[in-house]
Amino acid sequence: MNLKLFGEFFVTLLVIVDPPGMVPVFLALTGSLPAKARNRAATQAVLLALGVIVGFAVAGQTLLDYLHVQLPALQAAGGLLLVLVALQLLTGKTDEPSDQGGGTTNVALVPIGTPLLAGPGAIVATMLFVQRAKSPDEYLILAAAILAVMATVWLVLRFSGVIVRLLKPAGIEVLTRIAGLLLAAIAVQLMADAIFAFVQSYAAQA
């Protein structure tokens, strides 16, 4: 039973976070950084995502209830944030990272850490699995699954530098535009799903 729960949550969260799909966006945002700074950005992003997911697992529903915020609203907010990032990538007007940590930290935390890694989908899935847990053992299993997923993401991002060396600056430029288009599509889908959820909710209350 515990192994089944671990497998279900691990696979669900891994598919939502989508480490291979994160690589183009991560490289588009950090491809111009030195290897050391890019690795630091990967670590910062994963640690933030881990903190956000664990935070919502522990107190997410309580926080949303206190603020009178529905999950679709969180989803729509994430979509709007991704639209802004996608426009920057498509127009080439991204902030230049600096070795002092300003740009690097911003890119690592937003949008990579959240809402790309710890986005509405990951948060909702985590909250639903936590609600299903019935014993301390099951809570520990869910915690182990979260750590396993974040470790997988970190490994993928950590070794994405190999792709940077293969693509060269011109390839990174092309990848940036493609990543912007993909991010825009993800953002539109998030907002469309949020609108659909709102409509369903109000229709059920009518």
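1. Read along the sequence, the chain follows the pattern α-α-α-α-α-α-α-α. Its secondary structure comes to eight helices and zero strands, where helices (H or I, at least four residues) and strands (E, at least two) are DSSP runs numbered from the N terminus. The radius of gyration is 18 Å, close to the 17 Å that the globule rule gives for 206 residues, so the chain is as compact as a globular protein of that length. That radius is taken over C-alpha atoms, and the globule rule is 2.2 Å times the number of residues to the power 0.38.

2. On the basis of the note: this is a predicted model, in which local features need pLDDT of at least 70 and side-chain atom pairs count only at pLDDT 80 or more, while totals for chains, interfaces and linings use all residues. Residues are numbered from 1 along each chain as its sequence is written, and side-chain values use heavy atoms, with hydrogens and water left out.

3. Overall dimensions and packing. Taken along the principal axes, the C-alpha atoms fill a box of roughly 50 × 40 × 25 Å. Of the 206 residues, 40% count as buried; buried means under 20% relative accessible area, exposed over 50%, and partly exposed in between (1.4 Å probe, protein chains only). Among contacts (heavy atoms within 4.5 Å) between residues at least 6 apart in sequence, 89% join residues at least 24 apart.

4. Surface and charge. The chain exposes about 10900 Å², of which carbon and sulfur atoms supply 70%; accessible areas come from the Shrake-Rupley method with a 1.4 Å probe, and for residues only the protein chains shown count as cover. There are 11 positive and 10 negative side chains, and the centres of the two sets lie 10 Å apart. Lys and Arg count as positive and Asp and Glu as negative, whereas His and the chain ends are not counted; the place of a charge is taken as NZ of Lys, CZ of Arg, CG of Asp or CD of Glu.

5. Thr 126. This residue lies in helix H6 (residues 120-132) and counts as buried because its relative accessibility is 2%. Neighbours within four places in sequence aside, Thr 126 is in contact with Phe 9, Leu 13, Ile 53, Ala 57 and Ile 146.

6. Thr 176. Helix H8 (residues 161-205) holds Thr 176, which counts as buried at 8% relative accessibility. Again leaving aside neighbours within four places in sequence, Thr 176 is in contact with Ala 28 and Leu 89. Thr 176 and Leu 13 are 163 residues apart in sequence and 25 Å apart in space, C-alpha to C-alpha.

7. Backbone geometry to inspect. Most residues other than glycine have a negative phi, and most peptide bonds are trans. A cis peptide bond joins Val 110 and Pro 111, with omega about 10°, and Pro 111 is found in helix H5 (residues 102-117). The bond from Thr 114 to Pro 115 is also cis, with omega near 15°; Pro 115 likewise has its place in helix H5.

8. Positive phi values. Asp 18, in the loop between helix H1 (2-17) and helix H2 (19-30), has phi near 55° and counts as partly exposed at 35% relative accessibility. His 68, in the loop between helix H3 (35-67) and helix H4 (71-91), has phi near 60°. With a relative accessible area of 74%, His 68 is exposed.
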